Structure formats: C-alpha cells, structure tokens
Amino acid sequence: MIIAQLSDLHVDGGERSRRRVERVVRELAGLRPAPDVVLVTGDIADHGAEAEYELARELVDLPAPVLYCPGNHDGRAAYRKVLLGEPASDAPVNRAHRVGGALFAMCDSSIPGQHDGLLEASTLGWLDAELTAAADLPAFVCFHHPPVVLGSPFADQSRQFATDRLASLVAAHPNVVALLCGHAHTPAATTFAGRPLLVAPGVVSTFRLPFEPADTIDQDLPPMLAYHLLDNQRRLTTHYRVVSA
Ligand SMILES: [Fe+2]
Ligand SMILES: [Fe+2]
C-alpha cells in the first residue's frame, strides 16, 4: 500500500503557495501506480478562510482519496463547510476512513485561536472507539501537531501538549502502525509510545534547525512530501522526497 503524505500547504491565494502545491500535486499525479491514499495533515489554509479551502480543493485534484485533518492555521467552520460540505460548526473535526484495508483516523489537534495543539477528551474518546472497531486492521493515527519535542524550537513551542492519555491509548491498541503528523515543516522520524511518529515536511516552507546556518523559516528549499509504504507484514517504510520544479 502506498500512502502519500503532504502537510502544511498554507494556501493563501498567493502565487507562491499555489505554485508549490501545484508542484507536489503534479508529482503525485505522475506516479504509477497511483498512491492508494493521500493524507494532508493540516495547515491546509493559511488564514482559515473559505476562499482558501475552495482553492485548496481545486488544486489538490487527484484520482486517489484525499484525507484531511485541520491544523492551527485552519478554521473549523470554513473547513467543514468547504472541504466536508457540512454546516459550519466549531466542534473538533474528526473523521475515520477505511481505505485499502487500513484505518486512517484523521484527528483534530487544533485549539481555536491558538497555535499549540491538544486532542480534546471528546476526540480521544472518539479515537479509542474507532481503533477498537478496527482492531483487526492496521491503523494510522494522524493529526497536525507533533506530540513530542523534535529539537526544532519553532515547532516545539507550539507542539501538542497533555499527551499522556494519547500515549495510554496507543499502548492499548496494538493495531496502531504509526502516528503521522505535520506542523514542524521538516521531514523527521521519531517515536511516540513506542510506535513510529513520522513528521511530514511542509509544502510551503522548511523550518531550519538551530545548528543550521540559515534562517528559521527557509522559503528556498523545494517542497517535500512523504511516501509511506505498508507491506503485508505491516512493516512501514517511509521515503521523503524533494519535489523539484
Ligand atoms: Fe504549518
Ligand atoms: Fe501548524
């Protein structure tokens, strides 16, 4: 199974973000076979505006199912209305999808009006029920905010906090193959509760690390994406790819 992951599109109506999204979508559209699923782990819009979601939906036009979750730059009401075709509401946007014999739990780690993240009690309860109902399937827990310190101060200060219950939940569900997130605008791999925690790079920019000789937010590196390959033994292998012009 080929799982493509994009993150942090930050579509704002400007040419720069549009061109970078078009680049990664063109790359995905040229894959043979096509990926089984495409995940977009938050910060889809830059200001959470309806027009930004309309543009994002138009740009991310692929034959594969495209599954989204919100980030700190997203707005729940506009996201719901445009991406889901549902009445605007400020409740967390949590959706579970079964694709190709795997479960993708797209969780809302955003806190309206804040940049840091949290899985609300209702979201954790929902996630527990979804993982229980899909106990026989390989499962991916996806959200925007990394639940650990990554060594990237810009992302770390607005990471996901209060993660104890998430750790217990993951420990209780052996079918969780990996946790997939974004927000840190850097391709990174670590662990959480003993499972792989894979961070998708940002399409719009790359956050540099403190020991690198560059600005904190690098606008010049090309957009990147992640390919996660799941085999029949539920081994997951991740390849990070730079998308040239
Ligand atoms: Fe972002
Ligand atoms: Fe973010």
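Which strands does helix α4 lie across? Hi everyone, let's start there. This is a predicted model, so please keep that in mind as we go.

Helix α4 covers residues 121–133, and the strands it lies across are β4, β5, β6 and β7. If you want to find them on the screen, β5 is 102–106 and β6 is 139–142. Against β5, the helix runs at about 175°.

Now to the sheet itself. There are six strands in an open sheet, and their order is β4-β5-β6-β7-β9-β8, with mixed pairing. At the edges sit β4, residues 95–99, and β8, each of which pairs on one side only. From one strand to the next, the twist averages 25°.

As a quick reminder, strands of a sheet pair through backbone hydrogen bonds, in either a parallel or an antiparallel sense. Here, β8 pairs with β9, residues 195–199, in the antiparallel sense, over five bridges. Look for Thr191, too: across from it in β9 stands Pro196.

Last stop: His185. You'll find this residue in the loop between β7, which is 176–181, and β8, which is 188–192. Is His185 buried or exposed? His185 counts as buried, because its relative accessibility is 4%, and the cut-off for buried is under 20%.

And what surrounds it? Leaving aside residues up to four places away in sequence, His185 touches Asp8, His10, Asp43, Pro201, Gly202, Val204, Ser205, Thr206 and Phe207. With His10 there is also a polar contact between the two side chains, at 3.3 Å.

Key
Residues numbered from 1 in each chain as written. Chains lettered and ligands numbered in written order. Predicted model: local features only at pLDDT ≥ 70, side-chain atom pairs only at ≥ 80, totals over all residues. Heavy atoms only, no water. Helix = DSSP H or I, 4+ residues; strand = E, 2+ residues; numbered from the N terminus. Buried < 20%, exposed > 50% of the residue type's maximum accessible area, 1.4 Å probe, protein only. Polar contact = N/O pair within 3.5 Å; in protein donor to acceptor, adjacent residues only side chain to side chain. Contact = heavy atoms within 4.5 Å. Pairing = 2+ DSSP bridges. Axes fitted to C-alpha atoms, helices over the stretch in contact; angles between N-to-C directions.
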